[in-house]
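Here is a short note for a colleague who is opening this entry for the first time. Please read the points with the model in view.

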Amino acid sequence: MDLSTLLSESQALTAHLAPTDIPSIHLGLEQIEAQSRRLVSRQAAAPGDTGKASYLLAQAQVDTGTLANNIAALNTATTFAPLQPLHDTDVAGFLRHAHEQSIISTIEEGRRETLLEFKRVLDERVRRDWDARKRRIFEELGERTTLLSLEDRKRTIGQGTARSREGEIDKLQARMMAYDSTISSLNTSRLAGVAYPLLRNLMEQTNPASMTHQTYQFLASIVNEFPGLPSAEHLAAQVPGSSSAERKYSRAYLGDPNSAGAANLRTQITEGAQRSLEAQYWDVITRTIAARPQQAALGGDPSVAAHVKAYLNVKFYSQGSWEERLELIAGQPLWAKLFYLIRTGHIEECLQEALAHEKAIMVKERNFITYLKSWISSATRKLPRSERNLLQAAYNSHILHSPTTDPFKLALFKIIGKLDPARRAVPLVTATTEDWLWFQLAMLDEEENGGLRSLSEVLLGYGERHFEGATKGKKGMWARVLLICGQFERAVAALYENSDLQVDAVHFAIALAYYGLLRVPSKAESSDVDILSTTSSGQPALNFALLISRYIRQFIRIEPQVALQYVYCICLSSDQGPIGKEQVEIAWELTRRVILMAEAGGGWVDLVGGYRADGSRFTGVIERDLKLLKLDSSPDDFAEHILKRAARQSEREKRINEAIRLYHLAGEHETVVECLARALGDQISVPVGGGDDGEELANTAKEVLSHYERTNRASGKARDAVVKLVRIRDARVAKEHGIPDKALELMETTGIFPTENDNSLINKKAQQLRDYDEVIVRNLQIFLPLQMDILVELRNRRRASMDATAQHAIKNLVDKALALQKFATNIKYSMSPDVHTYLSRSVVDLMN
């Protein structure tokens with residue numbers, strides 16, 4: 001065939017595509033190029049634009065000419081061409097080039113996807129961090145839901161509410177109240193030195209179907225908390241200290257992570273988590289059979305194996321056939337049956353089932369029964385090295401890479417031999433998060449591959465999003481995952497991040513601290529905002545004290561005794577050396593804060609005790625619980641670390657009445673009268689005697705003086721000053737109520753001022769000032785004008801009557817005023833000139 005024929009046939013191939021309304025072009029390439037250039041030349045040019053642009057770019061050190069030449073010389077046709085020319089017959093070179101281009105494209109696509117994922121994760125993390133920080137700031141500012149008092153909460157819960165938000169608050173309050181009683185019972189048991197089933201009691205306060213309830217079950221299984229709740233008689237019958245679970249695991253958990261004790265604890269955590277997952281899955285099996293009884297076809301056999309077989313009927317048997325990936329032995333998926341018996345913790349039943357079908361199993365796997373027996377008989381669930389090597393050989397030879405291998409058979413070999421732990425998933429076997437977690441725990445070996453610590457690193461690498469995602473029903477799953485792998489501090493922090501689970505997070509932390517499974521940071525390593533931090537050794541630590549203080553802040557005023565029960569729990573970490581001492585001091589500080597808050601609410605006497613009307617002392621709640629605050633080593637510890645410091649804090653906050661009472665309880669009688677003197681001196685210038693606060697202070701001073709006079713305590717200048725200040729205050733009140741005669745009488749009974757115009761007496765009174773308390777001398781510039789005003793008012797009242805008696809009384813008033821003026825002159829350097837001026841003017845008024 002010649003070229004003309006090929007041309008005509010090729011044109012015929014596209015003839016049907018040519019539209020009829022568009023004319024065809026019958027030009028060669030050279031003609032098309034010439035026509036294009038001719039069209040360009042007809043366009044009007046802007047000769048000035050290029051020059052201006054070049055000038056502006058030159059100022060920015062841009063060489064437009066060189067760039068234009070480089071662009072003109074750029075050949076984009078060879079961008080993706082091989083560096084060396086390839087011949088048409090160079091197949092190897094072509095494949096190598098294609099392979100390189102594929103790698104480059106894959107790298108570029110991976111880089112782009114990584115960048116997009118990084119931006120997404122960064123945006124999500126910034127949003128979550130901001131929300132968390134904002135929430136913490138609001139918490140610090142106290143913008144939280146104010147809970148009702150105990151009676152109001154009970155009444156609110158009884159009445160109910162129509163709005164969902166109020167209903168949620170009611171549920172939260174009810175759960176908090178239930179938790180309160182549990183923590184109080186815990187502390188009662190701690191005082192008695194007996195064990196307390198804390199987790200079991202906390203579980204009773206939660207919904208059995210909730211994630212929180214299940215997580216409590218996991219922790220109870222991990223710490224081996226005894227399942228039966230002892231009666232009150234049983235608790236009372238225990239010998240103190242004989243069976244206490246307090247801080248049971250602290251030595252192993254907080255000590256050297258490479259020690260034998262720490263390894264044993266990690267093994268216990270693994271086994272406890274496994275038991276919980278197994279019990280949970282058995283519950284799934286029983287509920288599935290009950291929900292679909294016809295498909296399960298359980299029949300009348302109540303055995304565990306029959307239940308597993310019925311579950312397999314529901315899960316894998318449909319329309320008369322089994323799941324195609326299951327291998328049938330003796331007419332049933334025996335590998336799956338054996339696996340689920342192990343999965344639910346029925347090890348002995350698994351062996352019995354295997355022995356019942358021994359011949360059929362030996363046809364498929366000759367030594368499997370031997371391996372299974374050896375594995376079950378081992379306390380550590382490990383095969384001897386020789387058997388494990390044989391199992392490994394069988395696994396590698398015809399199980400691992402066979403496309404027809406039953407997934408449950410593969411899983412059984414991996415579990416029994418702890419083989420290939422890096423291959424973490426098996427189809428059909430690890431279908432749910434719980435299945436996957438149980439499978440990882442089943443293959444753990446503390447002596448190989450890092451054990452639980454290695455699994456923790458893997459799970460932390462996956463992160464919260466992998467386990468919870470955006471599914472609402474899975475909130476709390478990440479905390480459970482962390483709990484399972486022994487990351488207790490991170491588990492509590494994960495719960496606390498969810499506002500709906502913060503109450504539960506506090507009580508999880510208390511339970512962990514009680515069993516010694518909580519690490520707290522030092523003050524230097526802790527934060528006032530974040531509850532989770534990292535120690536200098538790289539281990540996570542939870543700011544337990546901050547968690548407690550935030551929690552009790554909601555009800556510290558209305559229920560101070562309940563708040564104290566939570567404060568006591570901080571001292572659970574007192575065995576952490578210097579850090580433990582810091583925790584105890586924080587607990588003391590919080591105790592003082594509870595006392596001060598309770599003072600404002602009027603309930604502090606129940607906390608610290610007080611004195612009865614007959615002068616006898618009665619103790620408060622704190623004194624009965626000194627052991628829980630580590631204040632039982634010395635009788636003076638309570639007064640020194642709690643009462644005195646709380647009193648000083650009250651005094652700094654100008655809450656004098658409370659400070660005085662606390663000093664009095666602490667036995668600081670001299671300090672009591674000194675504080676009274678300072679407070680009365682500060683209030684003496686306040687109108688109407690300081691109002692209600694002044695009246696309360698005066699009554700407190702009178703009570704204290706009366707008690708100290710009977711007991712002969714705190715005698716001295718300060719006590720004399722209090723007596724004088726109380727009388728002067730009463731005199732001021734009497735004057736303001738229009739009773740100047742009584743006011744003058746009270747002022748003169750103080751003995752501070754001269755009552756006669758006798759120079760020797762006046763000089764004597766002035767010299768006596770050196771023996772008075774400083775608060776008396778400091779306030780003379782208030783006392784003297786007050787005395788003069790009383791004299792002036794009495795003179796004005798008697799001026800209306802001009803009889804001899806009135807004239808004599810006025811003469812006495814003038815003499816007293818002159819004596820007061822001379823007295824002030826003798827001590828003029830102790831007062832401001834305004835006082836002398838005022839006294840002089842008042843004397844003139846009296847004499848006119």
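1. One definition comes first. A residue is buried under 20% relative accessible area, exposed over 50%, and partly exposed in between. Asp682 has a relative accessible area of 45%, so it is partly exposed. Please keep in mind that this is a predicted model.

2. Start with the overall picture. The protein has 848 residues, and buried residues make up 44% of them. Its secondary structure comes to 42 helices and six strands. The accessible surface is about 44,900 Å². Carbon and sulfur atoms hold 53% of that surface. Take the contacts with a separation of 6 or more: 64% of them join residues 24 or more positions apart.

3. The largest nonpolar core counts 223 residues. Which of them touch the most other members? They are Phe368, Ile510, Ile552, Tyr566 and Ile622. Helix H26, residues 502–514, gives the most to this core, with 10 residues.

4. Ile622 is then in contact with Leu564, Tyr568, Thr591, Ile595, Leu607, Val608, Leu629 and Phe638.

5. Cys569 sits in helix H28, residues 560–570. Its relative accessible area is 0%, so Cys569 is buried. Beyond the neighbours within four places in sequence, Cys569 is in contact with Ile183, Asn187, Arg190, Ile510 and Phe544. Cys569 and Leu628 are 59 residues apart in sequence, yet their C-alpha atoms are 7.9 Å apart in space.

6. Helix H14 covers residues 304–316 and has 13 residues. From first C-alpha to last, H14 reaches 18 Å, close to the 18 Å expected at 1.5 Å a residue. Is H14 mostly covered or mostly open? Mostly covered: 11 of its 13 residues are buried. Among them are Val304, His307, Tyr311, Asn313 and Phe316.

7. Now the charged pairs. Side chains of opposite charge can pair when their charged atoms come close. The count here comes to 37 salt bridges. Three of them are described in the points that follow.

8. Arg190 is buried because its relative accessible area is 5%. Glu246, at 25%, is partly exposed.

9. Asp445 and Lys382 meet in a salt bridge through their side chains, at 3.1 Å from N to O. Both partners lie in loops: Asp445 between helix H21 (433–442) and helix H22 (451–462), Lys382 between helix H18 (368–377) and helix H19 (385–398). They are 63 residues apart. Asp445 counts as buried, at 10% relative accessibility. Lys382 is partly exposed, with a relative accessible area of 23%.

10. Asp682 returns here. Its side chain meets that of Arg778 in a salt bridge, 3.8 Å from N to O. Asp682 lies in helix H34 (residues 669–683) and Arg778 in helix H39 (residues 774–778), so the pair ties together parts 96 residues apart in sequence. Arg778 is partly exposed, with a relative accessible area of 36%. Elsewhere, salt bridges with shared partners join Glu117, Arg120, Glu124 and Arg465 into one network.

11. The surface has a nonpolar patch of about 370 Å². Leu115, Phe118, Leu122 and Val126 make this patch. Leu115 lies in helix H5, residues 91–140. Leu115 counts as partly exposed, at 38% relative accessibility.

12. Last, two backbone angles to check. Arg247 is not a glycine, but its phi is positive, about 60 degrees. Arg247 is found in the loop between H10 and H11, and at 11% relative accessibility it counts as buried. Lys654 also has a positive phi, near 65 degrees. Lys654 is in the loop between helix H32 (637–652) and helix H33 (656–665). At 64% relative accessibility, Lys654 counts as exposed.

Methods. Residues numbered from 1 in each chain as written. Predicted model: local features only at pLDDT ≥ 70, side-chain atom pairs only at ≥ 80, totals over all residues. Heavy atoms only, no water. Core = buried A, V, L, I, M, F, W, Y, C linked by side-chain atoms within 4.5 Å. Buried < 20%, exposed > 50% of the residue type's maximum accessible area, 1.4 Å probe, protein only. Helix = DSSP H or I, 4+ residues; strand = E, 2+ residues; numbered from the N terminus. Contact = heavy atoms within 4.5 Å. Expected span 1.5 Å × (residues − 1). Areas by Shrake-Rupley, 256 points an atom, 1.4 Å probe, with all protein chains shown as cover. Patch = residues over 30% accessible without salt bridge, like charges linked within 9 Å, V, L, I, M, F, W, Y side chains within 5 Å. Salt bridge = Lys/Arg side-chain N within 4 Å of Asp/Glu carboxyl O.
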